[in-house]
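Have a look at it first.

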Amino acid sequence: MTSLPGRQVQAFLAPGKGQLTVFASEGRRIIGTVVQEKGIIYTVNMLILTKTAEVFSKPSKRKLYEVLRHFNFHPRILFLHKLVLGIETSCDDTAAAVVDETGNVLGEAIHSQTEVHLNCFFISFRTGGIILPVAQQLHRENIQRIVQEALSASNISPSDLSAIATTVKPGLALSLGVGLSFSLKLVDQFRKPFIPIHHMEAHALTIRLTNKVEFPFLVLLISGGHCLLALVRGVSDFLLLGKSLDIAPGDMLDKVARRLSLIKHPECSAMSGGKAIEHLAKQGNKLHFDFKPPMQRAKNCDFSFSGLQHIVDKTIMQKEKEEGIEKGQILSSAADIAAAVQHTIACHIAKRTHRAILFCKQRDLLCQSNAVLVVSGGVASNLYIRKALEIVTDATQCTLLCPPPRLCTDNGIMIAWNGVERLRAGLGILHNTEGIRYEPKCPLGVDISKEVGEAAIKVPRLKMKI
């Protein structure tokens, strides 16, 4: 027997070195075979290894490799199920990971540019503090090392991969270009299928790596570059309910943090803008400033943050005059402003999400009870905003799920997992990459936001006691 494709396998290492007994269950038939060290290739999905009196039940991949090496088995002979390398360079993080079809993360690596951009003398207002040429250069300098680290950590050779998945849309053009160019060279060198990934689709599906979540579910994606609500009906089947009409919440938080000069605050100097606002807000009183949530009369699920940011900027300027300090110095009321801004953003996001849930239930797009709201993206790690959303899900009999914080921000794992999902579904797998391009701007799914607005659903007022 030369292969056991696609079967559940249990393997027992015999006391004598050099033999592996494999029992494969196929329906009601039990197939048993003894194979030598070399020359046999088969698929293993779960192993229970017994070596004399030692038992490893559901061992980790790394532990399994160690045991097999002791018996002179090479792991490449055994692990031939789907393995995807994911590469992410859409913004300012260079990341890569190898994930298998069962969701096991075999290896990952990431290089963050946050500190570099924070410390740069010139800060670009339009891109939220990311200096585009610097980001591009740092991606170029680090991508080969990061991909190699991810492969080395997983004990996987590129020739063992089933496919290579890479973010190609949306994102910063210069950053996307680095990841795509590097990936296509790998694809050509090792003759692997290529899976182009939509960055927001990857964020939306990450929850299916960490939790058992079935379609359909509602997703709220909030980050430094994006803000949208969508119904997820399948791996690549999205209905867009609403999106930001201007800037993203993470972008606004970053800009407010810079306007407050929080990088000069001793407690916030090493934090990103959003983290600095969240940290300082704990020390402030949100009631000291009365910022109104945007778009209160618009009965849709779209978002807007630029108007609020303008009001906050004017307020900061007025307080600077009152305190007699120059721009760039820290206001005594900075913590109160941070608290008020965070609360207003949380209320705005919560109300639009509440309407999206009501719309989906009204149209029978979600279950009336036990529907799932997934919140992902960098801003999803903000615990204050999560608590506001918990109030909404409690009121609507929904379950709120968030990926772990490290998977909320950009990472290679989510890209690899999206690749696995697409590989299993047979969607968007390219064997010819001619003509593939990156897309800095790209919508997600089918836009039904106009239909949501026409429904004009009134949202009951909830007490946001956070």
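What share of the 466 residues of the protein chain counts as buried? The figure is 55%, where buried means under 20% relative accessible area, exposed means over 50%, and partly exposed lies in between (1.4 Å probe, protein chains only).

Some ground rules. This is a predicted model, with residues numbered from 1 along each chain as its sequence is written, and local features need pLDDT of at least 70 while side-chain atom pairs count only at pLDDT 80 or more. Totals for chains, interfaces and linings use all residues, and side-chain values use heavy atoms, with hydrogens and water left out.

**Confidence**

The predictor's confidence in each residue, pLDDT, runs from 0 to 100. Its mean over the protein chain is 85, and 79% of the residues reach 70 or more.

| Stretch | pLDDT | Contacts beyond four places in sequence |
|---|---|---|
| residues 67-80 | under 50 | 38 contacts |
| residues 121-128 | under 50 | 13 contacts |

Where pLDDT is low, the predicted coordinates should not be read in detail.

**Overall make-up**

The protein chain has 15 helices and 16 strands; these are DSSP runs, numbered from the N terminus, with helices (H or I) of at least four residues and strands (E) of at least two. Of the contacts with a separation of 6 or more, 71% come from residues 24 or more positions apart. The chain exposes about 21500 Å², and carbon and sulfur atoms supply 52% of that, going by the Shrake-Rupley method with a 1.4 Å probe.

Five strands form an open sheet in the order β8-β7-β6-β9-β10, with mixed pairing; two strands pair if DSSP finds at least two bridges between them. β8 (105-112) and β10 (194-198) are at the edges with a single partner strand each, so one side of each has no neighbour in the sheet. Inside the sheet, β6 (residues 83-88) pairs with β7 (residues 93-100) in the antiparallel sense over 6 bridges. E88 sits opposite A95 in β7.

**Cysteines**

How many disulfides does a search of the whole structure find? It finds 0, taking a disulfide as a pair of cysteine sulfur atoms within 2.5 Å. For C301, the closest cysteine sulfur is in C360, 7.8 Å away, so the two are too far apart for a bond. C301 is buried, at a relative accessible area of 1%, and C227 is buried too, at 5%.

Note on methods:
Contact means heavy atoms within 4.5 Å.
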